[in-house]
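Have the model open as you read.

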Amino acid sequence: MSVQAAIKRKTAPDIRARKNGEPIVMLTSYHAHTAALVDRYCDVILVGDSLGNVMHGFETTVPVTLDMMILQGHAVMRGSQHALVVVDMPFGSYEASKEQAFHSAVRVLKETHCGAIKLEGGARMAETIAFLVERGIPVMGHIGLTPQSINTLGSFRAQGREEADWAPIENDALAVAQAGAFSVVVEAVAEPLARKITGTIDIPTIGIGASAACDGQVLVLEDMLGLSPRAPKFVRRYGNLGPMIEAAIQGYAADVRSRAFPGPEHVYGMKAKA
C-alpha cells in the first residue's frame with residue numbers, strides 16, 4: 001500500500017483563531033506560478049473574481065463565471081502548498097437561493113480542492129452563510145464596498161464616510177459573524193468605522209482600503225506589483241513591474257528583428273558521429 005505525504009495547509013479554523021493575533025497576510029493569485037511565490041509569504045491566497053479585470057480586461061467583475069473561478073482556483077491549488085486558498089463565488093452563482101449557493105460552493109470545493117469560499121453581502125446573505133457553514137463549507141464574508149453590486153452602487157466609492165451611514169455596515173459585519181463566517185473582508189470603508197467593526201465582532205477582519213487595525217490585509221497582486229494601469233487609492237505599490245516587462249519585450253523584439261537572437265548558445269547542433 002502506498003502512503004502519500006499530506007500537504008499541511010492552513011485551514012479556515014487556523015485563520016479564525018488569528019483574531020487579535022498576528023496580522024493575517026493575504027494576496028490574490030490566479031496562476032500556478034504566482035501562487036507558488038505568494039505561498040511562501042502569505043497565510044491566505046484569494047482567487048478573486050478580480051481576475052475578470054486583471055486577466056480578461058472586463059470593466060467590472062460581473063461577467064465572471066463559476067467555470068472561470070474553478071479553472072483558476074485549480075491552478076492556484078496546484079501552485080501552492082501551505083496557504084489557505086479561498087475562491088470567490090462570482091456574481092449570479094449564489095444570490096438566487098441558499099440552495100443555489102450550496103451547489104455552486106460544492107462545485108468549487110470538489111473541483112479545485114480549495115479550503116474555503118468567499119461571497120459578498122452582509123445581512124442579506126446571513127441566512128445563506130449559515131446554511132453553507134452548517135453543511136461543512138467554510139465561508140469568508142465581504143462587506144463595505146461590494147464590487148459585484150457596482151450596477152446598483154453606481155461607482156466604486158468608499159463606504160461609511162459619514163457617521164450617519166455606519167449602522168447598516170456595522171449590522172452587516174455583525175450578521176456575517178453571527179452567521180458563522182470564519183473571517184470577513186472589509187473593503188473601502190472609512191478608517192474609524194473599520195477600526196470599530198474590528199473591535200466589535202469576534203471574527204478576523206481583513207482590510208482592503210479599511211484600517212491598519214484590521215486583523216489582516218489583502219491586495220490584488222497585480223495592483224501592488226505595478227502591473228495594473230490604474231490602481232485604487234488604497235494600494236501601495238511594492239514594485240513597478242510594468243515598465244520592466246515592457247523593456248524586456250522591447251529588447252526581445254529588437255534582437256529578433258536584428259537576428260541577434262537566438263545566438264549559438266540557444267540552438268541545437270548535430271550529434272557527433274560515432
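Q: Which residues in α6 meet which residues in α8?
A: Ala 126, Ile 129, Ala 130 and Val 133 in α6 meet Ala 175, Val 176 and Ala 179 in α8. Contact means heavy atoms within 4.5 Å. Helices (H or I, at least four residues) and strands (E, at least two) are DSSP runs, numbered from the N terminus. This is a predicted model, where local features need pLDDT of at least 70, side-chain atom pairs count only at pLDDT 80 or more, and totals for chains, interfaces and linings use all residues. Residues are numbered from 1 along each chain as its sequence is written, and side-chain values use heavy atoms, with hydrogens and water left out.

Q: Why are α6 and α8 called roughly parallel?
A: Their axes are 8 Å apart, at an angle of about 20°. Axes are lines fitted to C-alpha atoms, for helices over the stretch in contact, and angles run from 0 to 180 degrees between N-to-C directions. Angles under 35 degrees count as roughly parallel, over 145 as roughly antiparallel, 65 to 115 as roughly perpendicular and the rest as oblique. Therefore α6 and α8 are roughly parallel to each other.

Q: What makes α2 oblique to α4?
A: The axes of α2 (residues 32-39) and α4 (residues 66-79) cross at roughly 50° and come within 7 Å. That angle makes α2 oblique to α4. At the crossing, Ala 32, Ala 35 and Ala 36 in α2 meet Ala 75, Val 76 and Gly 79 in α4.

Q: How do you know that the span of helix α8 agrees with its number of residues?
A: The expected span of a helix is 1.5 Å times one less than its number of residues. Helix α8 (residues 166-179) has 14 residues, so it should span 20 Å. Its end C-alpha atoms are 20 Å apart, which agrees. After α8 comes Gly 180, with a positive phi near 110°.

Q: Which residues of α8 are buried, and what do they pack against?
A: Buried means under 20% relative accessible area, exposed over 50%, partly exposed in between (1.4 Å probe, protein chains only). In α8 the buried residues are Trp 166, Ile 169, Ala 173, Ala 175, Val 176, Ala 177 and Ala 179. They pack against α6 (126-134), β5 (139-144), β6 (183-187) and α9 (191-200).

Q: Why is Thr 146 called buried?
A: Its relative accessibility is 9%, so Thr 146 counts as buried. Thr 146 sits in the loop between β5 and α7 (150-153). Leaving out residues up to four places away in sequence, Thr 146 touches Glu 120, Gly 121 and Leu 153.

Q: What makes Lys 196 and Glu 170 a salt bridge?
A: A salt bridge is a side-chain nitrogen of Lys or Arg within 4 Å of a carboxyl oxygen of Asp or Glu. For Lys 196 and Glu 170, the N to O distance is 3.0 Å. The pair links distant parts of the chain: Lys 196 is in helix α9, Glu 170 in helix α8, 26 residues apart. Lys 196 is partly exposed, at 40% relative accessible area. Glu 170 is partly exposed too, at 23%.

Q: Why is Glu 134 called exposed, and Arg 135 partly exposed?
A: Glu 134 has 62% relative accessibility, so Glu 134 counts as exposed. Arg 135 has 41%, so Arg 135 counts as partly exposed. These two residues form a salt bridge, with the closest N and O atoms 3.4 Å apart.

Q: How many salt bridges does the rule give?
A: The count comes to twelve.
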